[in-house]
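I put down what I looked up in the order in which I looked.

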Amino acid sequence: MPERLAEMLLDLWTPLIILWITLPPCIYMAPMNQSHVLMSGSPLELNRLSEEQRILNRSKRGWVWNQMFVLEEFSGPEPILVGRLHTDLDPGSKKIKYILSGDGAGTIFQINDVTGDIHAIKRLDREEKAEYTLTAQAVDWETNKPLEPPSEFIIKVQDINDNAPEFLNGPYHATVPEMSILGTSVTNVTATDADDPVYGNSAKLVYSILEGQPYFSIEPETAIIKTALPNMDREAKEEYLVVIQAKDMGGHSGGLSGTTTLTVTLTDVNDNPPKFAQSLYHFSVPEDVVLGTAIGRVKANDQDIGENAQSSYDIIDGDGTALFEITSDAQAQDGIIRLRKPLDFETKKSYTLKVEAANVHIDPRFSSRGPFKDTATVKIVVEDADEPPVFSSPTYLLEVHENAALNSVIGQVTARDPDITSSPIRFSIDRHTDLERQFNINADDGKITLATPLDRELSVWHNITIIATEIRNHSQISRVPVAIKVLDVNDNAPEFASEYEAFLCENGKPGQVIQTVSAMDKDDPKNGHYFLYSLLPEMVNNPNFTIKKNEDNSLSILAKHNGFNRQKQEVYLLPIIISDSGNPPLSSTSTLTIRVCGCSNDGVVQSCNVEAYVLPIGLSMGALIAILACIILLLVIVVLFVTLRRHKNEPLIIKDDEDVRENIIRYDDEGGGEEDTEAFDIATLQNPDGINGFLPRKDIKPDLQFMPRLQKRVARRNNTGCCLKTKTVENSDIHELRDQNYKRNERSQKANFNPSDFFCMCQGMEGHSDFV
């Protein structure tokens with residue numbers, strides 16, 4: 001405890017302690033309730049009482065009894081005397097012993113077993129434990145036998161003001177709208193005191209403001225903080241720090257106190273109008289700027305914050321309201337001026353606008369502080385720029401007849417330079433739009449002429465693009481679309497709409513419509529098509545057929561009589577003249593083929609050729625297909641049979657070792673031997689394949705091919721002019737061939753043949769002597 005608290009307690013309780021010590025031992029320091037004051041007689045008297053008296057008469061307790069009290073936080077050099085226990089059974093002979101048990105017995109409270117004095121041997125704190133329940137008993141000193149039944153009593157710890165008030169939830173924060181009226185409630189704070197709220201004023205708190213006047217006040221008992229000044233302005237000061245004190249003892253001197261802080265923030269209301277930073281703004285913009293480009297920004301400042309500072313911008317007056325617009329930037333809170341329509345320096349060089357900024361959210365409580373808007377003037381200067389040429393029309397539509405003469409003028413386009421310098425213009429055609437180069441343009445005056453003939457029936461429209469370029473600055477160009485429509489002239493004669501072929505029944509009736517035909521014309525007259533039909537002059541009196549014009553511009557062909565016979569004439573050709581209504585009219589002759597057919601009784605065509613006339617009428621298409629399939633099957637069988645027969649009659653293949661080609665060459669003159677190359681073609685002998693027309697070329701290098709086995713051709717001629725038989729043999733088979741020649745020689749002699757007529761002995765090639 002602080003020294004101040006100890007001195008105060010000592011001054012307060014010293015007289016009471018002295019008074020308590022002077023009291024008789026049988027009386028406690030605390031006031032006693034009379035119902036608890038019990039006096040008892042001597043033990044001998046109690047023993048003489050009859051049992052009846054014990055039942056009828058209430059026995060008297062031997063205690064003088066009440067609650068005991070002890071001050072908390074009191075300490076001194078000696079244990080504190082709390083009270084004294086005494087029974088009238090104790091004559092002072094010291095034969096009675098007092099025993100104490102219960103809460104804190106022996107540890108906090110100690111009893112003198114002879115005198116019954118109870119002392120507190122430790123410092124007590126009511127906030128830790130407010131009361132203790134103990135049990136006292138008097139026993140015989142020698143035998144420890146109870147002389148009285150045990151009795152409970154309570155020692156209460158009496159509170160002193162040893163705890164200061166505390167703000168458990170501090171520091172505090174609160175908000176209040178700016179411009180609030182006097183006495184507007186801000187918040188409420190609460191402090192707690194651990195002292196006994198029942199006993200004394202130790203826990204009675206009183207609140208006050210140590211810092212924060214004159215802006216705020218506090219209710220002393222409820223701790224409600226209110227505004228003490230009206231119309232506090234957030235824009236002047238937004239945050240206030242208030243120091244609050246809570247003091248116990250009802251706020252009197254000597255009480256303990258605790259403090260906390262409260263931060264009060266003024267919230268914004270819309271009590272300030274927007275204000276432009278300057279009354280006049282200047283901007284400049286080139287005349288060729290793209291539409292929608294931001295030209296400049298204007299801003300009206302508002303001291304409020306958040307949505308209270310939001311402003312909308314509008315152009316309310318000026319000579320450029322149709323050319324410019326202004327939009328609001330919600331983030332930057334400014335107005336953006338943009339271009340809506342193209343500018344022309346040569347037409348107007350400057351514009352003046354009147355711009356207004358107005359708050360979006362207006363608080364009616366502060367309407368008297370308005371108006372919540374402001375205006376400013378904006379001057380915009382247009383700067384000259386080198387502009388591209390401007391055509392007199394955004395598009396052009398030209399018309400030309402399809403029979404127009406070459407180099408004739410179809411139309412003209414014009415363009416000018418809008419700049420003050422007025423550069424000359426050169427015209428050209430974008431050839432990507434005129435790939436066939438059907439048109440030309442005069443580079444100086446823009447006249448479009450025809451370069452190639454036109455045909456409306458191939459293409460009715462031609463879309464080209466004309467380019468205009470400034471001569472002084474070739475980068476300045478403009479383009480314009482030109483649509484050229486080809487007008488029709490009557491240059492196509494009418495003709496049948498399709499290839500018609502009419503069928504006439506042999507059993508037809510006179511006047512029967514054989515065929516209805518229509519005509520077509522590639523031209524497109526304004527009033528539509530109207531065709532005239534007629535027969536050739538020499539066929540006007542045609543004995544077989546006649547024609548009839550229908551209302552739908554078609555033509556019907558009718559038979560004049562019946563009895564047509566396809567055996568006599570199967571096909572009739574009917575030329576028809578078709579004329580249009582053009583100027584001048586054109587005509588053509590189309591021939592209609594009429595075929596005579598056999599028909600059923602109801603007029604259904606069944607056959608239209610002579611051969612079919614003699615066939616049975618009932619033969620169906622399925623039967624014809626079956627007959628055709630049988631014929632094809634027979635042909636396949638014959639082909640397979642012939643093929644197998646051919647393979648059966650082929651000779652066996654000769655093996656490679658027996659593949660000997662023989663060439664017999666006769667010579668009637670005598671040559672000069674092997675060195676004589678004039679008498680015969682040595683190339684033919686060396687390469688007999690060349691006889692068939694194949695000779696290797698010496699001017700190119702042959703491709704790498706599979707090389708056949710080396711062969712030698714032995715060719716000799718004797719001096720007698722005998723026949724020379726040549727063979728192509730392989731080196732490895734020379735000896736075998738020689739043996740074969742011996743055998744052949746023997747067979748020839750047996751048959752009386754002259755061997756010299758068939759075989760000749762020749763010197764072998766490359767030094768070999770072979771019989772060939």
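This is a predicted model: local features need pLDDT of at least 70, side-chain atom pairs count only at pLDDT 80 or more; totals for chains, interfaces and linings use all residues.

**Entry 1, around S5.** I began with strand S4 (residues 109-111), which runs antiparallel to S5 and is joined to S5 by 3 bridges. Looking for a bridge partner of Phe109 in S5, I found Ala120. I then followed the chain between the two strands and noted that S4 and S5 form a hairpin with 5 residues between them, and that Gly116, which lies in the turn, has a positive phi of about 85°. S5 (residues 117-120) also pairs with strand S2 (residues 80-84), again in the antiparallel sense, over 4 bridges. Within that pairing I recorded that Asp117 in S5 stands opposite Arg84.

**Entry 2, a mixed sheet.** Next I traced an open sheet of 4 strands, whose order I wrote down as S16-S23-S22-S19 and whose pairing is mixed. Its edge strands are S16 (280-286) and S19 (311-318), each of which pairs on one side only. From one strand to the next, the twist averages 30°. For the pair S22 (residues 350-359) and S23 (residues 373-383), I found an antiparallel run joined by 9 bridges, and in S23 the bridge partner of Ala358 is Lys373.

I went on to another open sheet of 4 strands, with the order S33-S35-S38-S37 and antiparallel pairing. Which strands stand at the edges here? They are S33 (495-496) and S37 (545-549), and because each has a single partner strand, one side of each is left without a neighbour in the sheet. I checked the partner of S37 and found that S37 and S38 (residues 554-559) pair in the antiparallel sense over 5 bridges, with Ala559 in S38 as the bridge partner of Phe545.

Is Val636 partly exposed or fully exposed by the cut-offs? Its relative accessibility is 43%, and since the partly exposed class lies between under 20% for buried and over 50% for exposed, Val636 counts as partly exposed.

Terms used:
Residues are numbered from 1 along each chain as its sequence is written. Side-chain values use heavy atoms; hydrogens and water are left out. Two strands pair if DSSP finds at least two bridges between them. Axes are lines fitted to C-alpha atoms, for helices over the stretch in contact, and angles run from 0 to 180 degrees between N-to-C directions. Buried means under 20% relative accessible area, exposed over 50%, partly exposed in between (1.4 Å probe, protein chains only).
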